[in-house]
Amino acid sequence: EGPNGHPHQMEADPSNQWVVGTDAGQDRIYVWKLSPGGMPPLSPAAIPFVNTPPGDGPRHFAFHPNGVWLYSIQEEASTIMFWEFDRTTGALSAQQIIASVPPGFVGTNFTSEIRVSADGDFVYGANRLNDTISVFKIGHDGSLTQSGHVSTLGDYPRIFAIDPSGRFIAVGNQFADNLTTFSVNPGNGSLKFTGNYTPLGSPSGMVFLS
């Protein structure tokens, strides 16, 4: 880890053969081979990391259910990058960069969380200063097209999670001290507020137990 390292997420790929990690300070996404019980259990992939554009700050990422497509969200650039992942070598290759914010938004934003729907049809990305979640349709080749966005009805959405049924998204609005819940339209991925506010002090992490 370099002097300017700022790692945000480490997670195994769906095949459980690799571990991927984002470093927002170094503008890199690292990949390690996972060898359970090995010494060491993690060893750098043949291509140990890939670079995002300088200053973009990759924060979080999410794998598509097919295990081949990966989507990262860049905190400083307010972008989402689509990568193809080689499960044989662990190599990542960049395919697309798209804005995470709604059309017309300018200025600083600080993206946070990114999730892929369980059916593999949609990507969701949270925009903290814009207080929105943007919805992206996944094309047949894995590329993204923004199809809509919704206000989180809060302040500084740091996290959100899709419930195990895939029918609801819960959003943690850190500065508003609440959770807001949205229903998911399975046809177009759009989100609709359920009317459910839950007071909660400074939510910054969330996971569903399935």
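**Figure 1. N16 in the predicted model counts as partly exposed, because its relative accessibility is 47%.** This residue lies in the loop that runs between β1 and β2. Phi of N16 is positive, near 60 degrees, although the residue is not a glycine. Most residues other than glycine have a negative phi.

**Figure 2. D131 also has a positive phi, of about 55 degrees, and is not a glycine.** The loop between β10 and β11 (132-138) holds D131. With a relative accessibility of 17%, D131 counts as buried, because the cut-off for buried is under 20%.

**Figure 3. A cis peptide bond leads from M39 to P40.** Omega of this bond is near 0 degrees. P40 is placed in the loop between β3 and β4. Most peptide bonds are trans.

**Figure 4. An open sheet is formed by 4 strands in the order β1-β2-β3-β4.** Pairing in this sheet is antiparallel. β1 and β4 (42-51) are the edge strands, and each of them pairs on one side only. From one strand to the next, the twist averages 20 degrees. Strands of a sheet pair through backbone hydrogen bonds.

**Figure 5. Strands β2 (residues 18-23) and β3 (residues 28-34) are joined by 6 bridges.** The two strands run antiparallel. Within this view, D23 stands opposite R28 in β3.

**Figure 6. P48 belongs to strand β4.** Its relative accessibility is 32%, so P48 counts as partly exposed. A91 is 43 residues away from P48 in sequence, while the distance in space between P48 and A91 is 8.0 Å, C-alpha to C-alpha.

**Figure 7. The side chains of S117 and D119 make a polar contact at 2.6 Å.** S117 sits in the loop between β9 and β10 (122-127). Because its relative accessibility is 10%, S117 counts as buried.

**Figure 8. The largest pocket has a volume of about 540 Å³.** Its lining consists of 25 residues, and E11, A62, R115, V116 and I162 are those nearest the pocket centre. The elements giving two or more residues to this lining are β1 (7-12), β5 (58-63), β9 (111-116) and β13 (157-162). Sorted by class, the lining of the largest pocket has 14 nonpolar residues, 6 polar residues and 5 charged residues. Empty space of this kind is shown by rolling a probe the size of a water molecule over the atoms.

Terms used: Residues are numbered from 1 along each chain as its sequence is written. This is a predicted model: local features need pLDDT of at least 70, side-chain atom pairs count only at pLDDT 80 or more; totals for chains, interfaces and linings use all residues. Side-chain values use heavy atoms; hydrogens and water are left out. On a 1 Å grid over the protein atoms alone, a cavity is a set of points where a 1.4 Å probe fits but cannot get out, and a pocket is an open set with protein on both sides within 12 Å along at least five of seven lines; lining residues have an atom within 4 Å of a point. Grid points are joined across faces, edges and corners, and a volume is the space filled by probe spheres set on the points. Ala, Val, Leu, Ile, Met, Phe, Trp, Tyr, Cys and Pro count as nonpolar, Asp, Glu, Lys and Arg as charged, and the others, Gly among them, as polar. Two strands pair if DSSP finds at least two bridges between them. Axes are lines fitted to C-alpha atoms, for helices over the stretch in contact, and angles run from 0 to 180 degrees between N-to-C directions. Buried means under 20% relative accessible area, exposed over 50%, partly exposed in between (1.4 Å probe, protein chains only). A polar contact is a pair of N or O atoms within 3.5 Å; within protein, one must be able to donate a hydrogen and the other to accept it, and residues adjacent in sequence count only if both atoms are side-chain atoms.
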